[in-house]
Amino acid sequence: MGTAEATLRMDSMEVKDEWQDEDFPRPLPEDGDIDSSCGLTDNRNHPPTTLNVAESVAQQHKRRTLVAPDMSLSLDQSEGSVLSDDFMETPDDLDINVDDIETPDETDSLEFINNGNELEWEDDPPGANAKRLPGESEEERDSSGRLWRTVIIGDQEQRIDMQVIRPFLRVVTHGGYYGEGLNAIIVFAACYLPDSGCDDYTYIMENLFLYVVSSLELLVAEDYMIVYLNGATPRRKMPGISWLKRCYQMIDRKLRKNLKCLIIAHPTWFIRTVLAISRPFISVKFMDKIRYVHTLGELSQVIPMEHVQIPECVLQYDDEKMMAQKERLEQDQQQNNSTPPKERVTNGGKTTLTDRLLETLPNCCVVHQDDFFKKPDQIEVGEDGFRQWDVITAMDMEAMVNTVKGWQENPVKFARSHGVSLSPKAEGSDSEGIHILIIEGFLIYNYKPLVDVYDKCFYISIPYEECKKRRSTRTYTVPDPPGLFDGHVWPMYLKHRKEMESNCNSIEYVDGMTSREVIYNKVYESVQNSLLNKL
Ligand SMILES: Nc1ncnc2c1ncn2[C@@H]1O[C@H](COP(=O)(O)OP(=O)(O)OP(=O)(O)O)[C@@H](O)[C@H]1O
Ligand SMILES: NC(=O)c1ccc[n+]([C@@H]2O[C@H](CO)[C@@H](O)[C@H]2O)c1
């Protein structure tokens, strides 16, 4: 499988181990009197659902004060709704100009130069008239009755227009704790964000931005994770990438270090693509913290869900997703049971997998090795009396390589001439966008000029019995003469497999006996992993 431009990684690593490696968390002092809807209590039994920073300030006993360097808070006008593809079939609408994205700086790499931001300890007793801590706040009404919250972020005082962001406060909630200490789970529900078409969008986002950053400072005592709920969020509500980036940059260094994991629930192709493209300005360390979970069920295997408030629309989205998956599985099973024998094919399911990937991967073309079989009269007859179909010389491999080269030289042209519809981005320019070529065949790892082309190799295998069974129901353009399978096909398979193993060292083996769904998920995720890694 070749990729002209890269993307997407999805780590399926077990994250628990990583958390457990961290320093043992210390308990945070109890908070007192807190508004029932408050987001700041540290009461583990009743984690808050929304945030009210004003009343908890005096209750803090001993807290770390983290002084971050000065930072500019202005948000540019370029906020857009770029991260969701809920309304797209593929990430066709990807319209991020990588050239516009800033290159890494020291803040991106998580390493502030020693800028006075050392760790300090606040030893004041409760209620002491201490200066406000980062993120802590005061609220007041101005003469027109408008409610303002003043927070300190880094060492800058910021005012948040609470009135304007009131409807969106559920964007950030406290989702309880994981592990054994006060490792907070911060839930970011994108579905609660304002619609980018609304009046004052930039102003709202600017204030929301301050609110999110200050909330984080208050909610987090030790290590923490962010669960980003992406499901059920229309694209127009998604925050611009620069907004997210600024949020991340604004939180101080220690907080960024303490972020152990960013779980993105219900990620879409688009969101992964955006992350991939953002890679140049996102540190490797940060990328390593990202985990994707596709369902709430998966999420519940990673974190305790007891106090995680999932918005109704996200629950519904998850239900629908599960239903759709179930239907697909059932359809798959039905097909398996009812496909007339003549439609059945021999091998491990390459075509089945390829067809599915073609539907879901963006700007994806395919080259089938079988299309390069020579005419029957050009196929040599072996000493065994069989036409030697299962050898590399049975195909015009030069023509196949040229076809692949054609794609490499101009994937857009190739796609057009093969009737593949491209994303607008890919259409607009010959060099932009992601292009993927799937090369599918039974001897694609036995021809050196092709082997050099691949970025990613998969090998689906099934055992002899199953292969023979499937093959017996298959009718090729030239039907198998009796005995061909045992006399030629299988021995050649064994020979080529050995050869292939010494040719390629990075093949991912896929068990063709597992369900289509499992095979597809495995390959799809692996492709995304690699694409992300490449950026
Ligand atoms: N995971 C699977 N489990 C069971 N049956 C499968 C699976 N994947 C595919 N099949 C079935 O096996 C048969 C062969 O699948 P497919 O055509 O995808 O194989 P192939 O590798 O492309 O074969 P060939 O190389 O001979 O063209 C089909 O009937 C398909 O429905
Ligand atoms: N596609 C063809 O023309 C053809 C003809 C005869 C045999 N085959 C078989 O296809 C398999 C690969 O898909 C090989 O095992 C060939 O034997 C294909």
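In which loop is the place of D200? D200 sits in the loop between β8 (183-189) and α3 (201-219). Welcome to this structure, which is a predicted model.

H266 is another residue to look up. Its loop runs between β10 (259-265) and α6 (269-278). H266 is also a residue other than glycine, and its phi is positive too, near 55°.

## Around ligand 2

Now turn to ligand 2 and the residues around it. The surrounding residues are D370, F373, W389, D390, F442, R471, Y476, T477 and V478. Sorted by class, this shell holds five nonpolar residues, three charged ones and one polar one.

In D390, a polar side-chain atom lies 2.4 Å from an oxygen atom of ligand 2. For R471, an N or O atom of the side chain is 2.8 Å from an oxygen atom of the ligand. T477 also has a polar side-chain atom 2.8 Å from an oxygen atom of ligand 2. On its own, ligand 2 has 420 Å² of accessible area, and the protein covers 91% of that.

## A pair of packed helices

What is needed to describe two packed helices? The angle between their axes and the distance between the axes.

Here the pair is α15 (residues 464-472) and α16 (residues 484-503), which pack at an angle of about 120°. Their axes are 12 Å apart. With that angle, the two helices α15 and α16 are therefore oblique to each other. As for handedness, the crossing in which α15 passes α16 is right-handed.

Key
Residues numbered from 1 in each chain as written. Chains lettered and ligands numbered in written order. Predicted model: local features only at pLDDT ≥ 70, side-chain atom pairs only at ≥ 80, totals over all residues. Heavy atoms only, no water. Near = heavy atom within 4 Å. Polar contact = N/O pair within 3.5 Å; in protein donor to acceptor, adjacent residues only side chain to side chain. Areas by Shrake-Rupley, 256 points an atom, 1.4 Å probe, with all protein chains shown as cover. Nonpolar A, V, L, I, M, F, W, Y, C, P; charged D, E, K, R; others polar. Axes fitted to C-alpha atoms, helices over the stretch in contact; angles between N-to-C directions. Helix = DSSP H or I, 4+ residues; strand = E, 2+ residues; numbered from the N terminus. Parallel < 35°, antiparallel > 145°, perpendicular 65-115°, else oblique. Left-handed = near helix turned anticlockwise from the far one by under 90°.
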